[in-house]
Amino acid sequence: MKFGISTFVNDDTIDTVALARAVEERGFDALVVAEHTHIPASRESAYPGGGNLPSVYYRTLDPFVTLAAAAAVTTRIELVTGIALLIQRDPIITAKEAASIDLISHGRFVFGVGAGWNLEEMRHHGTDPKTRGALLDERIEAIKALWTDEPAEYHGRFVDFDASYLRPKPVQRPHPPILVGGNSDATVKRIIRHGAGWISNPLPPEVLEQRIEQMRDGAGRDVALTTFGTPADPGYWEALERLGYRQANLLLPSKPLDDSLKLLDTFADRVAGYRG
């Protein structure tokens with residue numbers, strides 16, 4: 001099992017360039033970054049983790065800009081959106097941004113997507129929370145068409161465009177890996193429908209196992225498994241490995257430069273010890 005780093009890149013923490021270089025220099029395999037365009041002042045939507053919304057949610061950099069900067073100063077690590085809130089994004093612009101990162105990085109981009117939980121945030125983008133699942137499905141399909149067809153067109157309920165040319169195309173063929181976030185029956189169906197993998201939160205192993213069985217049974221294939229926010233706990237890593245995860249992305253708290261580097265050193269030592 002490989003190990004990456006997942007984090008919320010903020011405007012008052014370690015800078016993107018230093019972070020990306022440090023992740024690669026310490027032998028990690030991926031940098032996974034979260035997205036929130038903004039946080040509405042209304043706190044109608046309860047934070048899924050319980051309690052007050054952590055401050056890191058309020059200051060996140062754009063993930064595509066962040067990963068483009070990371071691509072320019074690294075040569076090996078995967079560059080992952082964890083997750084891009086595609087229900088809040090124009091699919092044509094997003095397809096171009098993602099393909100551009102894949103080109104700049106020579107095929108290291110991984111497209112993690114999800115439907116989101118902050119209802120006020122998505123409403124500000126004109127998204128009806130009641131139909132966000134169907135919208136997400138159409139935007140995934142439309143982006144795949146834009147990546148693979150020349151010209152591409154898509155005609156759905158929410159996404160509709162005539163035959164068009166979009167360049168660049170991704171380096172990876174037929175397109176970058178797609179990972180879907182979430183923990184629901186709808187998530188399972190979405191992964192099966194799109195031939196995608198799963199990017200899971202640090203759920204209890206028994207919950208992970210149940211979902212993975214659903215995915216594998218429905219898809220009739222192995223489903224690529226990766227994570228966001230994995231604790232630095234070798235016992236949990238063992239559980240992930242038993243379940244067939246190809247990668248665990250450890251949660252790096254959003255800290256200043258020196259603190260972040262020290263944490264990355266600690267994580268690297270712990271991974272080395274785990275691997276023996």
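**View 1. Phe111 and its surroundings.** Setting aside neighbours within four places in sequence, Phe111 is in contact (heavy atoms within 4.5 Å) with Phe64, Thr81, Ala84, Leu86, Thr94, Ile143, Trp147, Pro177, Ile178 and Leu179. A quick note on what you're looking at: this is a predicted model, where local features need pLDDT of at least 70 and side-chain atom pairs count only at pLDDT 80 or more, while totals for chains, interfaces and linings use all residues. Residues are numbered from 1 along each chain as its sequence is written, and side-chain values use heavy atoms, with hydrogens and water left out.

**View 2. The nonpolar cores.** A nonpolar core here is a set of buried Ala, Val, Leu, Ile, Met, Phe, Trp, Tyr and Cys residues joined through side-chain atoms within 4.5 Å; buried means under 20% relative accessible area, exposed over 50%, and partly exposed in between (1.4 Å probe, protein chains only). The largest core has 66 residues, and Phe28, Phe111, Trp198 and Leu208 touch the most other members. Apart from it lies another core, of 13 residues, with Ala30, Val32, Val110 and Leu179 among them.

**View 3. Helix H7 and what covers it.** Helices (H or I, at least four residues) and strands (E, at least two) are DSSP runs, numbered from the N terminus. H7 (residues 205-219) has 15 residues and reaches 21 Å from first C-alpha to last, close to the 21 Å expected at 1.5 Å a residue (that's 1.5 Å times one less than the number of residues). Leu208, Arg211, Ile212 and Met215 are its buried residues. Down the helix axis, the buried residues of H7 fall within an arc of 100 degrees (taken from the directions from axis to C-beta atoms), so they line one face. Their cover includes helix H6 (185-194), strand S9 (197-200), strand S10 (225-227) and helix H8 (234-243). On the face turned away from the buried side sit exposed Glu206 and Asp217. Gly220 follows H7, with a positive phi near 65 degrees.

**View 4. Ser6 in strand S1.** Ser6 belongs to S1 (residues 2-7) and is buried, at a relative accessible area of 0%. A polar atom of the Ser6 side chain lies 3.0 Å from the backbone oxygen of Asn249. Beyond neighbours within four places in sequence, the contacts of Ser6 include Val32, Phe228, Gly229 and Leu252.

**View 5. The S6-S7 hairpin.** Strands S6 (residues 152-155) and S7 (residues 160-164) pair (at least two DSSP bridges) in the antiparallel sense, over three bridges. Ala152 stands opposite Ser164 in S7, and four residues sit between the two strands of this hairpin.

Technical notes
Polar contact = N/O pair within 3.5 Å; in protein donor to acceptor, adjacent residues only side chain to side chain.
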